[in-house]
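Please find below some points on this model, written to be read beside the coordinates.

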Amino acid sequence: VKEDSIQLFGFESLQEREVFTSLLKVSGIGPKLASKILTACPWTRLVQIIDSGESQALMAIPKVGRKMAETILVELRGKSLAAMVPGDG
């Protein structure tokens, strides 16, 4: 909720919402960009990309350049996101 707008985001699962919330904690990522990232890349794949440090895969997502990909990896890699992916822990 902002002074001039109200934004509502929906998720298919609790895990997808958790990944969205984690993305919001990355400096430079707001709700619109986080939503675009999750639209372009399923949350399970995104967690795998972050866990393995695949910056090129992140840069393939629209609106994510080299600097943003590196920022996402630095700020989210090692966080317990991988435990959310079925079969990974």
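1. Helix α3 is followed by Gly53, whose phi is positive, near 75°; helices here are DSSP runs (H or I, at least four residues), numbered from the N terminus, as are strands (E, at least two). The model is predicted, so that local features need pLDDT of at least 70 and side-chain atom pairs count only at pLDDT 80 or more, while totals for chains, interfaces and linings use all residues. Residues are numbered from 1 along each chain as its sequence is written, and side-chain values use heavy atoms, with hydrogens and water left out.

2. In α3 (residues 43–52) the buried residues are Trp43, Leu46, Val47, Ile49 and Ile50, where buried means under 20% relative accessible area, exposed over 50% and partly exposed in between (1.4 Å probe, protein chains only). These residues lie on the same side of α3 because they cover an arc of only 160° around the axis, the arc being that of the directions from the helix axis to the C-beta atoms. Their cover includes α1 (14–24), α2 (31–40), α4 (55–59) and α5 (66–76), with contact meaning heavy atoms within 4.5 Å.

3. Ring pairs link Phe9, Phe11 and Phe20 into a cluster; rings of Phe, Tyr and Trp (its six-membered ring) pair if their centres lie within 6.5 Å, and planes under 30 degrees apart count as stacked, over 60 as edge-to-face and the rest as tilted. Phe20 is buried, at a relative accessible area of 6%, whereas Phe9 is partly exposed, at 29%.

4. The protein chain has 5 helices and 0 strands, and 31% of its 89 residues count as buried.
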